[in-house]
Amino acid sequence: MASSTASKKKDKRTTLIDFELTTTLGTGTFGRVLLCRDRRSSEYHALKIMNIREVIRLKQVEHVQNEKNILTKIEHPFIVNLLWTHHDNTFLYMLLEYACGGELFTYLRTAGRFNNGTGLFFGAEIVEGHVKLTDFGFAKEVQDKTWTLCGTPEYLAPEIIQSKGHNKAVDWWALGILIYEMLVGYPPFFDDNPFGIYEKILSGKVEWPRHMETTAAKDLIKKLLVHDRTRRLGSMKNGTEDVKCHKWFKVIDWNLVYQRKLKAPIIPKLAHPGDTRNFDDYPEENWRSAHPSLASYWSRLKIFNRGYFTYF
C-alpha cells in the first residue's frame, strides 16, 4: 500500500473553478456526489460536496475529518482514491476517482439474486481482488480493537452489538452476510426494526432457501457466521488462506484474481468515460442555495480551535 497525500495527487493550484459540475451520482444526509470534468485535462472525477452546517448539526465533524485523513494517507487500486480537498464558507469538497461502473448492489437489486458463478466472482474479488471500496465516512484507524457501534445493521457482527470490542474479524462476518445476500437476494438477518435485526443476529439462527441447502457456499457462510470470532474462518491462524482454500473457491485461480484476468460475469455498458448510465437518477436540486456557515456559528462550536477543517 503506497502512501500519498491529496496534494501530491492533484496540483496544489487546483480551484473549484477548474471543474465543470454535471450530473448527481448520489445523495446523502448532508451532501451529494456530483460527476465533474476537469476543464484542463478533460478527465472525469466524482466531487463529494458536504454542507458544513449539516455536518455540524448532525455531529459528523469527526467522521468527516477521519474520512479525509485516512484517504489522504493512502493510495490503492482497490479503493476510490482521494485527489483533492477544498472548502468555502458553505461546503466541504472532496474530489475522488470516478468509478463509472456503478455499485454492486445496483446490479444485485436488478438481478434479484446472483447465480453461483456471479456470486463466486464477486466473493473472490472482495477477498483479494480489484473491486473498489468507497465511502469512508465511518472509517477510523485501529491498532488493535475498537468499540464504536456503526454500520449497516444487517451486517453487524455479534461482538459489535454486544460492545465487546472488535477487530478485523468483523470483516469476515460481513463477507458471510454479503455472500448470503448475493446468492439469496436478501440478508440472513432481517427485520423492520434495527433491534429486531440485532436480536436475530445474536440468536444466530439462519434460514436456508432450498437452492442453498447442500451447497459449498452454505458451508462457507456458516463458517464465516460463527459467533466465536476466534473460530471464525479468516480469523484463525492461517487468516485469509483459510477462506481462499475453502471448497467454494476451489475453481478460483487466485493468481488470475490478483492479475485481474478473471472473466467478469457483469460488464458495465459505457459509451464514454463520463457515462452515468450505471447510476440511479437523482433530482438536480439547487444545492448551491444553501446558507453559508456564519463565522459566529463556527466560533461558538469551536471548530476552528479544534482544527477539524484546517486542511480542507
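The following conversation goes through a predicted model and asks what stands behind the words used to describe it.

Colleague: What should I keep in mind about the numbering and the confidence limits of this model?

Modeller: Residues are numbered from 1 along each chain as its sequence is written, and because this is a predicted model, local features need pLDDT of at least 70 and side-chain atom pairs count only at pLDDT 80 or more, while totals for chains, interfaces and linings use all residues. Side-chain values use heavy atoms, with hydrogens and water left out.

Colleague: How many helices and strands does the protein have, and what makes a stretch count as one?

Modeller: The secondary structure comes to 13 helices and seven strands, where helices (H or I, at least four residues) and strands (E, at least two) are DSSP runs numbered from the N terminus.

Colleague: Why is Leu35 called buried?

Modeller: Buried means under 20% relative accessible area, exposed means over 50%, and partly exposed lies in between (1.4 Å probe, protein chains only); Leu35 has 3% relative accessibility and therefore counts as buried. Leu35 lies in strand 3, and, not counting residues up to four places away in sequence, Leu35 touches residues including Glu20, Leu21, Tyr44, Tyr98 and Gly274, where contact means heavy atoms within 4.5 Å. The C-alpha atoms of Leu35 and Leu96, which are 61 residues apart along the chain, are separated by 9.7 Å.

Colleague: What makes Val170 buried as well?

Modeller: Val170 has a relative accessible area of 13%, so Val170 is buried. Val170 has its place in helix 7 and touches Ala157, Glu159, Ile160 and Arg232, not counting residues up to four places away in sequence.

Colleague: Why are Ser42 and Arg260 called partly exposed?

Modeller: Ser42 has 40% relative accessibility and so counts as partly exposed, and Arg260, at 48%, therefore counts as partly exposed too. Ser42 lies in the loop between strand 3 (31-38) and strand 4 (44-51), and has a positive phi of about 70° although it is not a glycine. Arg260 is found in the loop between helix 11 and helix 12 (295-300), and has a positive phi of about 60°, again without being a glycine.

Colleague: What makes a group of residues a nonpolar core, and which residues touch the most other members of the largest one?

Modeller: A nonpolar core is a set of buried Ala, Val, Leu, Ile, Met, Phe, Trp, Tyr and Cys residues joined through side-chain atoms within 4.5 Å. The largest such core has 43 residues, of which Ile179, Leu224, Val243, Trp248 and Phe249 touch the most other members. Its largest share, 11 residues, comes from helix 7. Ile179 touches Leu220, Ile221, Leu224 and Trp248, not counting residues up to four places away in sequence. A second, separate core of 16 residues includes Ile52, Val55, Val64 and Ile74.

Colleague: How do you know that helix 5 and helix 7 are roughly antiparallel?

Modeller: Axes are lines fitted to C-alpha atoms, for helices over the stretch in contact, and angles run from 0 to 180 degrees between N-to-C directions. Angles under 35 degrees count as roughly parallel, over 145 as roughly antiparallel, 65 to 115 as roughly perpendicular and the rest as oblique. The axes of helix 5 and helix 7 come within 9 Å and cross at roughly 160°, which makes helix 5 roughly antiparallel to helix 7. The contact is made by Asn116, Gly119, Phe122, Gly123, Ile126 and Val127 of helix 5 and by Trp172, Leu175, Leu178, Met182 and Leu183 of helix 7.

Colleague: What are the classes of the residues in that contact of helix 5 with helix 7?

Modeller: Ala, Val, Leu, Ile, Met, Phe, Trp, Tyr, Cys and Pro count as nonpolar, Asp, Glu, Lys and Arg as charged, and the others, Gly among them, as polar. On that basis the residues of this contact divide into eight nonpolar, three polar and no charged.

Colleague: Why are helix 7 and helix 9 also called roughly antiparallel?

Modeller: Helix 7 and helix 9 pack at an angle of about 150°, with their axes 8 Å apart, and they are therefore roughly antiparallel to each other. In this contact, Trp172, Trp173, Leu175, Gly176, Ile179, Tyr180 and Leu183 of helix 7 meet Ala217, Leu220, Ile221 and Leu224 of helix 9.
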